[in-house]
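Trainee: Could we go through some local backbone and side-chain features of this model together? I would like to begin with the loops.

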Amino acid sequence: MKFGSFDDQRKEYVITTPQTPYPWINYLGNEQFFGLISNTAGGYTFYRDARLRRLTRYRYNNVPLDSNGRYYYLYDGGDFWTPGWMPVKRDLDFYECRHGLGYTSITGERNGISVNMLAFVPMGENIEVHKLTVKNTGTEAKSVKLFSFAEFCLWNAQDDMTNFQRNFSTGEVEVEGSVIYHKTEYRERRNHYAYYSVNAPVAGFDTDRESFIGLYNGTDAPQAVAAGQATNSVASGWSPIGSHQLDIDLAPGEERSYIFVLGYAELPEEDKWAAPSVINKAPALEVLSRFSTDEAVDAALKELAAHWDSLLSKYQIDSGDEKLNRMVNIWNPYQCMVTFNMSRSASYFESGIGRGMGFRDSNQDLLGFVHQIPERARERILDIAATQFEDGSAYHQYQPLTKKGNNEVGTGFNDDPLWLIVGTAAYIKETGDFSILDERVTFDSNPDNAATLFQHLKVSFEHVTNNLGPHGLPLIGRADWNDCLNLNCFSKEPGESFQTTANIEGRVAESVFIAGLFVFAGPDYVSLCRTRGENELADAAEKAVAAMTETTLTHGFDGDWFLRAYDHYGEKIGSKENEEGQIFIEPQGMCVMAGIGVEDGSAAKALASTQERLDTKYGIVLQQPAYSKYYLNLGEISTYPPGYKENAGIFCHNNPWIMIAETVLGNGDRAFEVYAKIAPAYLEEISDIHRTEPYVYSQMIAGRDAVRHGEAKNSWLTGTAAWNYVAITQSILGIQPDYTGLKVDPCIPSEWDGFRITRVFRGDTYVIDIQNPNHVSKGVASLTLDGAPVEGNVIKPVMDGGEHQVVVVLG
């Protein structure tokens, strides 16, 4: 069942009912200021850090769902309603939400009045703009009232939800004209405030929540709105809000537009005050003066559209499949950019409080956006590396505001260091910028202890070779990619963290997955060594990779598939010897991606076993059989009910590893079959089952053991976005950045006739026409560049900034 449709020309998803199976959201902002907005105008806004600089309050896990947002109430002669349906939930004569690239437009109509809210964050600004257009669609004159509403968060979202004995006494505001200033804690250590304004005189305002809503009311029936009159309340402690009242007279067919701005201002300490106890409003007023007209807002929206057009132009496909086109050209790269901004911090499943930027996460996310914004990818790599330790280990997360490691989670996730090699290599392949390896980068954010980025990669690689277990496989530490496989935890204490608790210390538990990742990342490390003339390091690394390949085949293969790990007791995990959890997806994908077992047939066996034992109509599950009880030696993975999350859920993040692995063996039909099972655009027709947004990937889909097989959770912020983008654009469609140029090596369904890719690479634009007259899946028979034959299948950069025609014939 569908709840909307794609508008590919406008790059929008159009939702036609407010009652979607779950709130379907969008992201506003590209640089420092961000907002989450649902199809009913729910969500919240923050500056840089969703935990430490949150502007508006949001209530997760609430009834009704999606409580709080940027709400606008229309009062019409005693009848009041909201254009996004929530929170009043009055029946609307018309409803439409258009989620676009960095903006959302919501229209509601009732009783001859239409209200449209357009929300976006202008480029380079720390504001969220709401353009409200109110139109009389009837035949009689109307006098209506418009009420805005935003509830301020007291900055630190964690403290805001817990420290009531203090916070109920700290709320402060100033009101001047049509601008409401939220200045809680500004008198003390803060040098920042929020403001909420409208570009018209107001008939009233409210800044005290209780006065506006009523003590025992909800946002569905605020008493000021129900009465049709604001109270002009000034918050003093308790819960500060911002609400404006506008009285609007409209002739038949007449419309009026109003510009509301929710913003953030930060000042140097010496400039905080305009007068004693009077905040310096100059920064806010300067911004508001620039966004006071429709023309200014329209120009900013055009600039935002141009920004996205530029980003998306870096890779475009023209194929006969509209679903493939919209995923590759619009929604997948858009989601990759959102994960660049957010990592795993702020979504409708991530509160923005518990997580910072992930070391492993951010390096993987980089794979999906490096071609769009290489200069910011470079910065991200250096930020990540700066939280690493001298022995190669790393903080698992860091806070985006401070860029320092997160002590609450700490270190000890032994796959983390290798992802820095993968991310750095991807950046250099895209840009050819080897100079990044010479950048001086701190260890543990200590300016007195720094080394080159290359040295960071060296200790990353050696962190594996220095931490091998009894079989010669890498020690797993607290966990590897699967944070829920906790082989050193042994927790019996309710509420104890599986990831940060090690009740039994031992250097026994090993990861076959990290072994595969080591062999996968190893050749890139070797290449980087050789480009720097570090041939002894390169030779040693090649020997280590070869040894790990052999060790994995000897001790990490179970006859028909790769083992997952060895536990604290040296017992196999992911083996046919186990009663439950006999086969896992992660090592099958990663080991075959690394080329392990390709020559002796082990890889083919592993992928055949994956298809036979793990595949479902909604994607490949993480393991089988599901765990039916809690295993003390395995940790969190066995705490989930069967079919959910890491216990045999369909983890969409590692499905593309199987896609890529299938292309290693030349299985283009199978690779695309796996792709289409989880790509959102292909799931639109089953949105009632899938539930989350049909335009972005989710982290998890319930597996076949689950009560709700096919139901997705944790949409938007997931490494799924980057890995599926890599799988489709590089491995299946086959346009691969490499150190020496652009490699063309498709692995496609044999029935395809061909397709065309436009790819910007190192300043040149390549229009690549791929033809498949012999209907093969893999193999380049010929390649020409601007009519001239090219030996092999690597296009060396022309470096003239022009457009170049490439013709590739498969065979």
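Mentor: Let us start with lysine 645, which lies in the loop between β33 and β34. Helices (H or I, at least four residues) and strands (E, at least two) are DSSP runs, numbered from the N terminus.

Trainee: What kind of model is this, and how are residues numbered?

Mentor: This is a predicted model, in which local features need pLDDT of at least 70, side-chain atom pairs count only at pLDDT 80 or more, and totals for chains, interfaces and linings use all residues. Residues are numbered from 1 along each chain as its sequence is written, and side-chain values use heavy atoms, with hydrogens and water left out.

Trainee: Back to lysine 645: what is its phi near?

Mentor: Phi of lysine 645 is near 50°, a positive value in a residue other than glycine. Most residues other than glycine have a negative phi.

Trainee: And is lysine 645 buried or exposed?

Mentor: Lysine 645 counts as buried because its relative accessibility is 18%. Buried means under 20% relative accessible area, exposed over 50%, and partly exposed in between (1.4 Å probe, protein chains only).

Trainee: Which peptide bond is cis, with omega near -20°?

Mentor: That is the bond from glutamine 624 to proline 625. Proline 625 is placed in the loop between β33 (623–624) and β34 (650–651).

Trainee: Now the loop between β6 and β7. What is the phi of asparagine 61?

Mentor: Asparagine 61 has a positive phi of about 55°, although it is not a glycine. Asparagine 61 is in the loop between β6 and β7, and it is exposed, with a relative accessible area of 80%.

Trainee: Where does proline 64 sit?

Mentor: Proline 64 also has its place in the loop between β6 (54–56) and β7 (71–76). The peptide bond from valine 63 to proline 64 is cis, with omega near 0°.

Trainee: Changing topic: where is serine 178, and what does serine 178 touch?

Mentor: Serine 178 lies in the loop between β14 (173–176) and β15 (179–182). Serine 178 is buried, at 14% relative accessible area. Not counting residues up to four places away in sequence, its contacts (heavy atoms within 4.5 Å) include Tyr196, Val198, Ala200 and His244.

Trainee: How far is the backbone oxygen of alanine 200 from a polar atom of the serine 178 side chain?

Mentor: The distance is 2.6 Å.

Note on methods:
Polar contact = N/O pair within 3.5 Å; in protein donor to acceptor, adjacent residues only side chain to side chain.
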